[in-house]
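Open your viewer and get ready to click along. Each stop on this tour tells you what to select and what is there.

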Amino acid sequence: MERNNRRLQWIPPWEMPADPIKAVFWFLYWLLRVVVRFYWLPLLAGVIYEGLLNGLIGGGITLLLGLALWVALFAVLRIVELLRGVAQVLATVEQLQQEFSLIDNDPLSRSSEGEPRNEPRVVEGTIVYLDEKRRERGDRPGAS
């Protein structure tokens with residue numbers, strides 16, 4: 001029922017993401033949807049204007065060119081929707097891979113038998129590593 005109500009809406013819902021880069025692409029996608037949905041208004045106005053100005057031939061040519069442009073915009077919209085769907089599927093697969101990856105299966109995370117396994121792996125140059133180094137320098141006597 002909700003899906004049918006969404007199709008009857010004139011303007012697509014405004015659900016802009018907070019990330020500025022994603023927001024730009026989202027806005028372009030939203031604007032493309034609005035243009036494709038309301039393209040018949042300027043097309044109708046152009047056909048009437050050309051029909052009054054240049055007769056039936058002018059209105060017909062305007063109608064054909066306008067419909068060709070609308071078909072091109074509609075095709076671009078469908079391609080963008082397809083690419084968005086593929087991107088969402090890939091993001092979901094990546095998220096599932098991260099959730100289901102086990103630490104034991106990662107050969108880099110295996111430590112020697114004498115070291116505790118619950119310590120996080122520290123990569124040199126990370127913020128955690130730098131914070132630990134600062135704490136070590138602060139604990140030593142005579143350190144500034």
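We begin with the whole chain and then visit some side chains.

**The whole chain**

Keep in mind that this is a predicted model. Show the protein chain as a cartoon: there are 4 helices and 0 strands, and from the N terminus on the order is α-α-α-α. The accessible surface of the chain comes to about 12,400 Å², and carbon and sulfur atoms account for 65% of that. Of the 144 residues in the chain, 11% are buried. Contacts tell another part of the story: among those between residues at least 6 apart in sequence, 38% join residues at least 24 apart.

**Aromatic rings**

How many aromatic pairs are there by the rule for ring centres? The count comes to 7.

Select tryptophan 10 and phenylalanine 38. Their ring centres are 6.0 Å apart and their planes meet at 20 degrees; planes under 30 degrees apart count as stacked, so this pair is stacked. Trace the chain between the two and you will see that the pair links distant parts of it, 28 residues apart. Tryptophan 10 is in the loop between α1 (2-8) and α2 (20-38), while phenylalanine 38 is in helix α2. Is tryptophan 10 buried or exposed? With a relative accessible area of 57%, tryptophan 10 is exposed. Phenylalanine 38, at 21% relative accessibility, counts as partly exposed.

Next, select tryptophan 70 and phenylalanine 74. Here the ring centres are 5.2 Å apart and the planes are at 20 degrees, so this pair is stacked as well.

Now pick Trp14, Trp26, Phe27 and Trp30 together: they form one aromatic cluster.

For one more ring, select tyrosine 29 and arginine 84. Arginine 84 lies over the face of the tyrosine 29 ring, at 4.2 Å from the ring centre.

**A salt bridge**

Time to look at charges. Side chains of opposite charge can pair when their charged atoms come close. How many salt bridges does a search of the whole structure find? The search finds 1.

To see this salt bridge, select glutamate 81 and arginine 78, whose side chains meet at 2.5 Å, N to O. Both are in helix α3, 3 residues apart, which is about one turn of the helix. Glutamate 81 is partly exposed, with a relative accessible area of 26%. Arginine 78 counts as partly exposed at 43% relative accessibility.

**A buried arginine**

Arginine 33 is buried yet has no salt bridge. Which side chain of opposite charge is nearest to arginine 33? That is glutamate 81, 5.2 Å away, whereas a salt bridge needs the nitrogen and oxygen within 4 Å.

Finally, show what surrounds arginine 33. Leaving aside its neighbours within four places in sequence, arginine 33 is in contact with Pro12, Pro13 and Leu77.

Key: Residues are numbered from 1 along each chain as its sequence is written. This is a predicted model: local features need pLDDT of at least 70, side-chain atom pairs count only at pLDDT 80 or more; totals for chains, interfaces and linings use all residues. Side-chain values use heavy atoms; hydrogens and water are left out. Rings of Phe, Tyr and Trp (its six-membered ring) pair if their centres lie within 6.5 Å; planes under 30 degrees apart count as stacked, over 60 as edge-to-face and the rest as tilted. Buried means under 20% relative accessible area, exposed over 50%, partly exposed in between (1.4 Å probe, protein chains only). A charge sits over a ring if NZ of Lys or CZ of Arg is within 6 Å of the ring centre and within 35 degrees of the ring normal. Contact means heavy atoms within 4.5 Å. Accessible areas come from the Shrake-Rupley method with a 1.4 Å probe; for residues, only the protein chains shown count as cover. Lys and Arg count as positive and Asp and Glu as negative; His and the chain ends are not counted.
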